[in-house]
Amino acid sequence: MLRYLIMLSALTVSLNVMANQAEDDTSTLFKPKMSISLDYIPAENNMYGITLAPYHFDTDYSSWGYYIGYAASQKEDLALIKPAEGYTQDKMWRFGLSYSLTQQLSLYGGAVHYSLETHSTTGKTPKIVDGEPIWEKESDTSWGGELGIRYMMDMGLMLGVGYNTSTDSAVISVGYVM
């Protein structure tokens, strides 16, 4: 009899118990945004570039984003004996992931493809009409990484600073978040 009484009271209590169903609480999710920034990399030859960084467009991974950037230096002339000519130029591609700690603060890290291109010519022209010197190109390419932090202000201004292992220098970014 006691057993039936315990089962009846457990059944009565369990009628009010319901499963905890997940709610779509969008207040805690990050809002999608896009940033575009101008970058300065104070390497051996100062480089200037641009970075595009979309954030939080996948609701399953709302804390994550990614970025891609390109930077290049100005052409720097080589000291060669005339009629020879030449110049060097640094170029860099950056891409990776970012993780938002808060709505304003995010960490980023990724890979860097850095190349130092040397263009040169002897200055001697072929013996033809309108002959131009033949230019040769050499490229020294290396891979590296970078880590950094970005801070987005409420008015849309974005500031970023990071470290790049390919150039062994900083990456300084100023941009706008839409």
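Guide: Let's begin with T51, whose side chain makes a polar contact of 2.7 Å with the side chain of R94. Keep in mind that this is a predicted model.

Visitor: Where does T51 sit?
Guide: You'll find T51 in strand β2.

Visitor: Is T51 buried or exposed?
Guide: T51 is buried, because its relative accessible area is 2%, and the cut-off for buried is under 20%.

Visitor: What else does T51 touch?
Guide: Leaving out residues up to four places away in sequence, its contacts include S35, I36, S37, Y67 and R150, along with D39 and R94.

Visitor: Back to R94 and D39, then. What do those two form?
Guide: R94 and D39 form a salt bridge, with the closest N and O atoms 3.0 Å apart. This pair links distant parts of the chain: R94 belongs to strand β5 (residues 85-100) and D39 to strand β1 (residues 33-41), 55 residues apart.

Visitor: Why do R94 and D39 count as buried?
Guide: R94 counts as buried because its relative accessibility is 1%. D39 counts as buried too, because its value is 3%.

Visitor: How many salt bridges are there?
Guide: The count comes to four.

Visitor: What about K137, which residue is its salt-bridge partner?
Guide: E117 again: the side chains of K137 and E117 meet at 3.6 Å, N to O. K137 is in strand β7 (residues 136-152) and E117 is in strand β6, so this pair ties together parts 20 residues apart in sequence.

Visitor: Is K137 buried or exposed?
Guide: K137 is exposed, because its relative accessible area is 53%, and exposed means over 50%.

Visitor: New topic! In the largest nonpolar core, which residues touch the most other members?
Guide: I41, M47, M92 and M152 do, in a core of 15 residues. The elements giving two or more residues to this core are β2 (47-55), β3 (64-73), β6 and β9 (169-177).

Visitor: Pick M92. What does M92 touch?
Guide: Not counting residues up to four places away in sequence, M92 touches I41 and M47, and its other contacts include Y70, V112, Y114 and T167.

Visitor: Last one: where is T88?
Guide: T88 is in strand β5. T88 is buried, with a relative accessible area of 13%.

Visitor: How far apart are T88 and L78?
Guide: They're 10 residues apart in sequence and 7.1 Å apart in space, C-alpha to C-alpha. L78 is also one of the contacts of T88 beyond four places in sequence, and E117 is among them as well.

Key
Residues are numbered from 1 along each chain as its sequence is written. This is a predicted model: local features need pLDDT of at least 70, side-chain atom pairs count only at pLDDT 80 or more; totals for chains, interfaces and linings use all residues. Side-chain values use heavy atoms; hydrogens and water are left out. Helices (H or I, at least four residues) and strands (E, at least two) are DSSP runs, numbered from the N terminus. Buried means under 20% relative accessible area, exposed over 50%, partly exposed in between (1.4 Å probe, protein chains only). A nonpolar core is a set of buried Ala, Val, Leu, Ile, Met, Phe, Trp, Tyr and Cys residues joined through side-chain atoms within 4.5 Å. Contact means heavy atoms within 4.5 Å. A polar contact is a pair of N or O atoms within 3.5 Å; within protein, one must be able to donate a hydrogen and the other to accept it, and residues adjacent in sequence count only if both atoms are side-chain atoms.
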